[in-house]
Structures are given as C-alpha cells and as structure tokens.
Amino acid sequence: MLRAKFKYSEEKLNWMSGFDQILKISKEEEATEIIQGILSGEKLTEKDASKLFKSDLHLITGFADYLREKQAGDYASFVINRQINYSNICISRCKFCAFYRKSGEEGAYTMSREEILNKASEAVAMDATELHIVGSHNPDIPFEYYEGTLRQIKKKFPDISIKGFTATEIHFFSNNFRMSTREVLERLKEAGLDFMPGGGAEILDDSIRKKLCPAKASSREWLDVMKTAHELGIKSNATMLFGHIEKPEQRVKHMFRLMKLQEKTGGFLSFIPLVYHPENNPLGREIGMKASGVDILKTIAISRIVLGESFTNIRAYWIMLGKKLAQVALRSGANDIDGTVLEEKVAHEAGASTSKSATVEELLAMIRKAGLKPVQRSTDYNIIRKW
Ligand code: V47
C-alpha cells in the first residue's frame, strides 16, 4: 500500500536536518514561519496556505518534495489504464469545456456498447488494470445503457477496475432519471462500478461555478455525491480545475473543503490539480491562458502541503501538464503521474499538445529520470509491480 500515514511530529527530527538548512538560508520570513509552524505541529490555516502562493518557488516546492518523500516514500506510481469517453453530447455546456457538442452538431457522438467493449478489449490486451469511463450530461441516453454497459464489461473482463462517472454525471443522472443519487450509485455499483474519477469538481466555490458551469452540480451537491459514494464503498479521486478566473484563496478553499470531507469519509484516493487549457472554448476566448509553469508547480506543491496528510497521493496528470513539467512536478510534491491513458479527448480538444497516450517505458523513464523508483499501481493505490 502506498497510503502509509505519516505524522509530522513522530519522524520530524530524522528528516528536518536537510530541509532545516534551506529554511535557514531562506529570505522569505513569512513562508519560513508558516513552514516552521507546520513542522512543529500547528494546523495550517486557509489564510496562511493562501500566503504560500506569494512565496519563493524553491522554498515551497522543496518543502513539498520533503513531505512527498516522507508521506509516499521514494516511489512514484503510475497505472496502466485507458480512458473511454462514451458521449460528448451535453446539455450543461460549461464555459471552459471544448469537448461537448450539441445534439445533431457536427462531431457529436455517443458510442455503441459494442464500441465501448472493443475499447475495453484493447485495454485488456495491453494489460490495463483500469478503465476510466466518463462522458457528458446527455439526456437521450437511457439508464439501461450505463447499467448494461458496466455489466457487460464486467462479464467479459471481470478483473478490470471500472472507474466511471464524475460526481456531476451522477447528479445529472439523479435529476434525469428521477432517482436519488444514492439509488443511482447503488445501481451502478451493483452493475460493476468500482471507483469514481474526480472530475467535475472545478473550483468548489459557487461564485466561480455560477460563472463557469451554472447548469451543473453546485459545490455542495458535488461534495454530497462524493460523500454518498464513499459511504457506499465507492472510493474516488478529487480534481481541481485551476488557472482561469479563480484566485489563490479559492484554490485553497477548494482544498480545505475536500480535506473536511476526507476527514469524515476517508474515501478520496488522490488529489489531481488540472491546469485549465484555453483553446476552443468560450472562456479561453475571453481570458486566454492564465497559469504559468511557476504557478502550476506552486499549486501542486501547496496541494501537498495542505492535503498531504489526509490524501497522501497527489497526481501530476502528464496529459495536461506535458511530460516534462509532470516530471518536475514529481519533485515538487506529486507522487503519481496517472497512466498510459491511450485515448484522451477533454484536454486535447482544449489545446493540450501532449501525445494522447504514453507507453509503460515512457512512464518508467519519466519517473526514473526524476530520481524516483517507479511502481505500477492499482486504481486504489496498491502496488502491483515494482520496476
Ligand atoms: O471534469 C474540462 C476538466 C475534467 C477543461 O479521477 C478541463 O483519475 C483543462 O477529471 N482544460 C476531466 N481541464 C478530467 C478528469 C480526470 C482526468 C484524469 C484522471 C482523473 C481521475 C480525472 O477535465 C473535467 C474538467 O474539470 N476540464 N475542460 C479544459 N479546457
């Protein structure tokens, strides 16, 4: 298991020495004080976490790298997986999304069950352990499509983990099919759903959601779906879409809201900061690209500093970061780079310039060249193979 719990106070003396040197030479008084506070067991406040965004890149990425090592060891993980986006027809039309199409519009599609099964079969042939199945808010798909597809995948490929449907899709199904979110989740779980991805979280602040995605689940509703899923034994991830109109304070608020739920349920497996891509979407035409490389690394580092004790796994999603920045992120607080992916649409429609797939060899090289030891993991972060 990669989820070994670490308490700062217990081992502090063993590992403080190296980082202590950095703290001694740091000219950043405020950030140094905040870090020293954390090291001596003080609880980090939202206000102090927000201040870290203004501090020196190396100080906070260095601190986050120390925490990464203490919380996750010298290993960085990846998964052999495949994404399947079953439909792009969506009535929610979020301003940042380049993936959705209106029904009947050119490029609109909904996959047949056979297509999905073929994609699953290709994934199994390359030793994938995970299918990541997400789509859209498509009112023309019957519930039986979801249940039947899950059942057939599990019947043909009983060993593969299905990580499917964002909390906003579940919320949409609940409204569309007039069922409670609990009933939706119970039925999908019964049909074969094992885990849920962390998408749709965007920024858990309704003043931002009202501007960017007013038609879909509110912050409370997103969190409530996750709470119910965790209660039913469906573990999930949590994402954060950053680098658009939100302020650092709102990123931190997002992290604290997740931490609060995690303290109750323990159901989150990892935190995945997703950097906003501005191409082919209305928001991008208004604001362009906001997050710099420095901002991205600071956000990943601060995720580790704020969430590391409760989440352990902070992911550098190479598809959105690019392979080189993802590698640096592994030394700035992240301990996982996602996986082989095979086919990605959401980020690529919005201008991601990475390839859509990575080989295991590429993932191994990324991790090794970051000075870490690669491990292949399952969806729930158990070690499958040390390389
Ligand atoms: O929910 C949409 C985001 C998410 C854009 O849990 C965009 O294992 C950047 O959630 N620029 C989908 N991001 C991806 C996702 C995910 C990916 C990998 C692993 C996991 C997991 C989850 O992508 C959406 C939204 O938040 N998104 N548009 C855009 N223009």
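Begin by selecting Arg-101 and Glu-349, whose side chains meet in a salt bridge at 3.1 Å, N to O, the term standing for a side-chain nitrogen of Lys or Arg within 4 Å of a carboxyl oxygen of Asp or Glu. The pair links distant parts of the chain, with Arg-101 in the loop between β2 (81-85) and α5 (113-125) and Glu-349 in helix α16 (residues 346-349), 248 residues apart; helices (H or I, at least four residues) and strands (E, at least two) are DSSP runs, numbered from the N terminus. Arg-101 is buried, with a relative accessible area of 18%, whereas Glu-349, at 25%, counts as partly exposed; buried means under 20% relative accessible area, exposed over 50%, and partly exposed in between (1.4 Å probe, protein chains only).

This is a predicted model, in which local features need pLDDT of at least 70 and side-chain atom pairs count only at pLDDT 80 or more, while totals for chains, interfaces and linings use all residues. Residues are numbered from 1 along each chain as its sequence is written, and side-chain values use heavy atoms, with hydrogens and water left out.

Next, select Arg-331 and Asp-65, which form a salt bridge with their closest N and O atoms 3.2 Å apart. Here too distant parts of the chain are linked, as Arg-331 lies in the loop between α15 (323-329) and β8 (336-339) and Asp-65 in helix α4 (residues 57-72), 266 residues apart. Asp-65 is buried at 14% relative accessible area, and Arg-331 is partly exposed at 34%.

For a pair within one helix, turn to Asp-224 and Arg-220, whose side chains meet in a salt bridge (3.4 Å, N to O); being 4 residues apart in helix α10 (residues 219-231), they are separated by about one helical turn.

Then select Lys-298 in helix α13 (residues 293-311), which is buried yet has no salt bridge, the nearest side chain of opposite charge, Asp-295, being 7.0 Å away; for charge, Lys and Arg count as positive and Asp and Glu as negative, with His and the chain ends not counted. The side chain of Lys-298 does, however, reach the backbone oxygen of Ser-55 at 2.8 Å.

Finish with the largest nonpolar core, which has 119 residues, those with the most contacts inside it being Phe-173, Leu-188, Met-196 and Trp-222; such a core is a set of buried Ala, Val, Leu, Ile, Met, Phe, Trp, Tyr and Cys residues joined through side-chain atoms within 4.5 Å. Its largest share, 9 residues, comes from α13.

Terms used. Polar contact = N/O pair within 3.5 Å; in protein donor to acceptor, adjacent residues only side chain to side chain.
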